Amino acid sequence: MNAKPDRLVGNWLLLLCFMIFGMVIGGGHARTIHAGFVIQTWQPLTGFIPPLTHAAWEHMFGLYKQTAQFRVLNPTMSLDQFQARFMPMFLDRDWGRLMALVFAIPLGIFWWRKRVSNQLALWLVALFAAGAAEATMGWYMTWQGMTSNILHPSPLYLAPHFILAMLIFTAMLWTALTIRNPEPVPIIGHTRLRALLSASIALLILTIGLGALVAATGGIHVFNTFPLMNGHALPPHGLKLHPWWRNFVANAATVQFDHRWIATATALVVVIAAVMGLRAPLGPKARDLFLLLAGLVTLQYILGMSALVSGMSGIGYLHELNAVLLLAACIACRHALRGATAPAAVRAGTPLVMKAAE
């Protein structure tokens, strides 16, 4: 990493984090309106202009008509209805292209002007490659719509697709915060809180992945009661699929069961971390971060329960977006505690004076 704070480079990476959140907004909306298979072409470099003529629209519509989704679910769809689904998916793809430019061009300039070190530049190139892999995975899910008989993007790819996005988001946000504040604030103690926040980040990413499985399998529409599942502690027919492991990625009841209880455990861990952070003398800025963390985790659980009980995909969409904000708040809290040191590690004669996490 750069030895000195660089707000310009840090803010550029923060902008990319906001753009990743924008991809979640666009991708989640496209999934909610079942637009995942409407674009059956992939032209990463030349496909940034939508169809401009009636013939071009008919060609794109004709490709979609070859999918099982059209034949089974939308055989009476009109061209106008197709266009209404096409444009949100198209804009999501163009947003991804814009992200690639916002990433690559400034990186080249900063590297050339030596505002980023070779080590940092290589790390960012690796993140760019991960983003390219993310885009390729998204296209592969779309391509399956024409080459198989599936009606919706497969949960076997949708969940890893979302998890990879969150791993890139986590790495990007951590890097941005570190470039803006490269020297950790020394803090005596609170190593347990730091470890709890690390566990919270891991649990949040796992829970987000399980939430993607719920969305992909339509799990929001089954067992809309809590805490029991229509009077059952365990979902009936929770292991009906063969081989058995498919139940944990493709069985809507089992996927919902896993998500609701892992999410509950995750919420408890995050709440404990937030309370510990609010009680610790870490300074006003850190306190604000932990207040934000407490508020977002509370909102997240309320949205999750509301989506579950109502079975409304719209609330589930808001639940998905808030999950990314919650993850960001957790990362920021964990970053503020980078300099936490166990009291026993402070040598006699060289005391480490605690400094508020500003």
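Q: Does valine 72 count as buried or exposed in this predicted model?
A: The model is a predicted one, and valine 72 lies in its helix H3. The cut-off for an exposed residue is over 50% relative accessible area. Because its relative accessibility is 52%, valine 72 counts as exposed.

Q: How far apart in space are valine 72 and leucine 291, C-alpha to C-alpha?
A: Valine 72 has its place in helix H3. Along the sequence, valine 72 and leucine 291 are 219 residues apart, and in space the distance from C-alpha to C-alpha is 48 Å.

Q: With which side chain does the side chain of glutamine 69 make a polar contact?
A: Glutamine 69 is placed in helix H3, which covers residues 68–73, and with a relative accessible area of 2% it is buried. Once neighbours within four places in sequence are left aside, the residues in contact with glutamine 69 are His34, Phe37, Tyr64, Asn74, Ile150, Leu151 and His152. The polar contact of its side chain, at 2.8 Å, is with the side chain of tyrosine 64.

Q: Which residues touch the most other members of the largest nonpolar core?
A: The largest nonpolar core holds 73 residues. Helices H1 (7–32), H4 (79–112), H5 (118–147), H6 (155–180), H7 (191–217), H9 (252–279), H10 (284–310) and H11 (313–336) each supply at least two residues of this core. Apart from it lies another core, of 17 residues, including Val38, Met77, Leu79 and Phe82. Within the largest core, the members that touch the most others are Trp12, Met166, Phe169, Leu197, Leu293 and Leu327.

Q: Which residues is leucine 327 in contact with, leaving aside its neighbours within four places in sequence?
A: Leucine 327 is one of the residues that touch the most other members of the largest nonpolar core. With the neighbours within four places in sequence set aside, its contacts are Met166, Phe169, Thr170, Ile201, Leu204, Ile205 and Ile208.

Q: How many residues of H11 are buried?
A: Helix H11 has 24 residues, and the distance from its first C-alpha to its last is 35 Å, close to the 34 Å expected at 1.5 Å a residue. The helix is mostly covered, and of its 24 residues the number buried is 18.

Q: What covers the buried residues of H5?
A: Helix H5, with 30 residues, reaches 43 Å from its first C-alpha to its last, which is close to the 44 Å expected at 1.5 Å a residue. Its buried residues include Leu120, Leu124, Leu127, Glu134, Trp139, Met141 and Gln144. Among the elements that cover the buried residues of H5 are H1, H3, H4 and H6.

Q: Which parts of the structure does the pair of arginine 115 and aspartate 6 tie together?
A: Arginine 115 forms a salt bridge with aspartate 6, in which the closest N and O atoms are 2.8 Å apart. Arginine 115 is partly exposed, with a relative accessible area of 34%, whereas aspartate 6 is buried, with a relative accessible area of 9%. The two residues are 109 residues apart in sequence, so the pair ties together the loop between H4 and H5 and the segment before H1.

Q: Which helices hold arginine 31 and glutamate 320?
A: The side chains of arginine 31 and glutamate 320 meet in a salt bridge, with an N to O distance of 2.9 Å. Arginine 31 is partly exposed at a relative accessible area of 27%, while glutamate 320 is buried at 12%. The pair ties together parts that are 289 residues apart in sequence, because arginine 31 lies in helix H1 and glutamate 320 in helix H11.

Q: By about how much of a helix are arginine 97 and aspartate 94 separated?
A: A search of the whole structure finds three salt bridges, one of which joins arginine 97 to aspartate 94, with the closest N and O atoms 2.7 Å apart. Arginine 97 counts as buried, at 17% relative accessibility. Because arginine 97 and aspartate 94 are three residues apart in helix H4, their separation is about one helical turn.

Methods. Residues are numbered from 1 along each chain as its sequence is written. This is a predicted model: local features need pLDDT of at least 70, side-chain atom pairs count only at pLDDT 80 or more; totals for chains, interfaces and linings use all residues. Side-chain values use heavy atoms; hydrogens and water are left out. A nonpolar core is a set of buried Ala, Val, Leu, Ile, Met, Phe, Trp, Tyr and Cys residues joined through side-chain atoms within 4.5 Å. Buried means under 20% relative accessible area, exposed over 50%, partly exposed in between (1.4 Å probe, protein chains only). Helices (H or I, at least four residues) and strands (E, at least two) are DSSP runs, numbered from the N terminus. Contact means heavy atoms within 4.5 Å. A polar contact is a pair of N or O atoms within 3.5 Å; within protein, one must be able to donate a hydrogen and the other to accept it, and residues adjacent in sequence count only if both atoms are side-chain atoms. The expected span of a helix is 1.5 Å times one less than its number of residues. A salt bridge is a side-chain nitrogen of Lys or Arg within 4 Å of a carboxyl oxygen of Asp or Glu.
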